[in-house]
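Have the model open as you read.

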Amino acid sequence: MSATIAHLKSEQHGRTAADLYGMVFPPIKWIVEDYIAEGLTVLAGKPKLGKSWLLMAVAIAVANGGYALGDRKCVQGGVLYAALEDTERRLRGRLEKLCGGFNPASWPLGLVFWSYGEMKPLNSGGLDQVRTWIREHPDARLVIIDTLAKVRSGPQGKETAYEADYREVGSLKALTDETGVAIVVVTHTRKMEADDPFDTVSGTLGITGAADAIMVLKRDGQGVTLHATGRDVAEIETAVEWEKDTCRWRVLGDAHEVRRSDERTLILDALRGEAEPVGPREIADVTGRPNTAVRALLVAMAKAGEVRKIGRGKYLHPDTPLTTLTSSRCEGASP
């Protein structure tokens, strides 16, 4: 073996499967359990949907060691919120609503704001600004940059848009790896819809490719859903609700389960008061839901005893008395 080859072999690094098997890793450091973990997270949504309110509440919960999204307990730590589209007046107004008025005891001391114009583009000193803040705050746990557009410089030289996005977002990813402090950046979704909500994030795939996790806040005809996926975040679709009294988002549960429950309620409401059995098409007309979806859900509800199936393809509300129906019509009724 030549000296050159021997030198190359000595420089090689790697891990065998057996090495990996014997390794013990610390648990994932959650900022908001199930949603925001250590690393770089991109949060996207349409303008004025409530992304900033969601993250302001998260920032307060982390700074105070309180709860986010209703029931997620947050470990206390320092927070930097670069609210780059907001003025100080607007920030104070949001804090007043989220902290329950001007009670000094409820306003978090560990939450620092940078407002409009206080952060430079990432490659022109902005990244160093964040790094310096983290170093000066040993208890730092979370940095929020709202929005990404305010700190992007775009392609440099012969860079493509993808290369520029990957470089700039990747620099934030490298900083969170270096410091262990989670970073969340806010961006918008594009107007064109897609089957996969993560494909609606505005910009190139360089943004989502460089991030550790992606969250998309999306409204449709059934309500608002918070989608999340990532390297340490399991893919989830959560139904969330905006509480006007508290100006906070609250988790309702798995979106499919919640929406199905909502549709079941619509069907029961449509059947309530009907003395004669009703078919799927009539229910679909009343509820405004697709006929095929109503038909499938009626079958499931009948099996669960949530509606009464009368004969072939006809249904009654479970509280409707059967005294008006002939015994022959009830014969053969099955769930």
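Which residue forms a salt bridge with Glu282? The partner is Lys314, and the closest N and O atoms of the two are 3.8 Å apart. Keep in mind that this is a predicted model. Glu282 sits in helix α9 (residues 280-287) and Lys314 in the loop between β14 (308-309) and β15 (315-316), so the pair ties together parts that are 32 residues apart in sequence. Glu282 is partly exposed at 39% relative accessibility, and Lys314 is partly exposed as well, at 32%.

Some of them join up, and a network of salt bridges links Asp128, Arg131, Arg135 and Glu178. Start with Arg131 and Asp128, whose side chains meet at 2.9 Å, N to O. These two are 3 residues apart in helix α5 (residues 126-136), which means about one helical turn separates them. Arg131 is buried, with a relative accessible area of 17%, while Asp128 is partly exposed at 45%.

Now move along to Glu178 and Arg135, where the salt bridge spans 3.9 Å, N to O. Here Glu178 belongs to helix α6 (residues 161-179) and Arg135 to helix α5, so this contact ties together parts 43 residues apart in sequence. Arg135 counts as exposed, at 62% relative accessibility, and Glu178 is partly exposed at 46%.

Next, the surface. Asp195, Asp196, Asp199 and Glu235 form a negative patch there. Asp195 lies in the loop between β9 (182-188) and α7 (205-210) and is exposed, with a relative accessible area of 84%. There's a nonpolar surface patch too, made of Leu20, Met23 and Phe25, with about 310 Å² of accessible area together. Met23 is in the loop between α2 and β1 and is partly exposed at 31%. Ile28 also has its place in the loop between α2 (17-21) and β1 (30-32). Its C-alpha atom is separated by 7.2 Å from that of Glu38, 10 residues apart along the chain.

What about the cysteines? The disulfide count comes to 0. The sulfur of Cys74 has its closest cysteine sulfur in Cys99, 14 Å away, so that pair is too far for a bond. Cys247 also has its closest cysteine sulfur in Cys99, at 11 Å, and that is too far for a bond as well. Cys74 is buried, with a relative accessible area of 2%, and Cys247 is buried at 12%.

Definitions and conventions
Residues are numbered from 1 along each chain as its sequence is written. This is a predicted model: local features need pLDDT of at least 70, side-chain atom pairs count only at pLDDT 80 or more; totals for chains, interfaces and linings use all residues. Side-chain values use heavy atoms; hydrogens and water are left out. Patches are made of residues with over 30% relative accessible area and no salt bridge: like charges are joined within 9 Å, nonpolar side chains (Val, Leu, Ile, Met, Phe, Trp, Tyr) within 5 Å. Accessible areas come from the Shrake-Rupley method with a 1.4 Å probe; for residues, only the protein chains shown count as cover. A salt bridge is a side-chain nitrogen of Lys or Arg within 4 Å of a carboxyl oxygen of Asp or Glu. Lys and Arg count as positive and Asp and Glu as negative; His and the chain ends are not counted. The place of a charge is taken as NZ of Lys, CZ of Arg, CG of Asp or CD of Glu. Helices (H or I, at least four residues) and strands (E, at least two) are DSSP runs, numbered from the N terminus. Buried means under 20% relative accessible area, exposed over 50%, partly exposed in between (1.4 Å probe, protein chains only). A disulfide is a pair of cysteine sulfur atoms within 2.5 Å.
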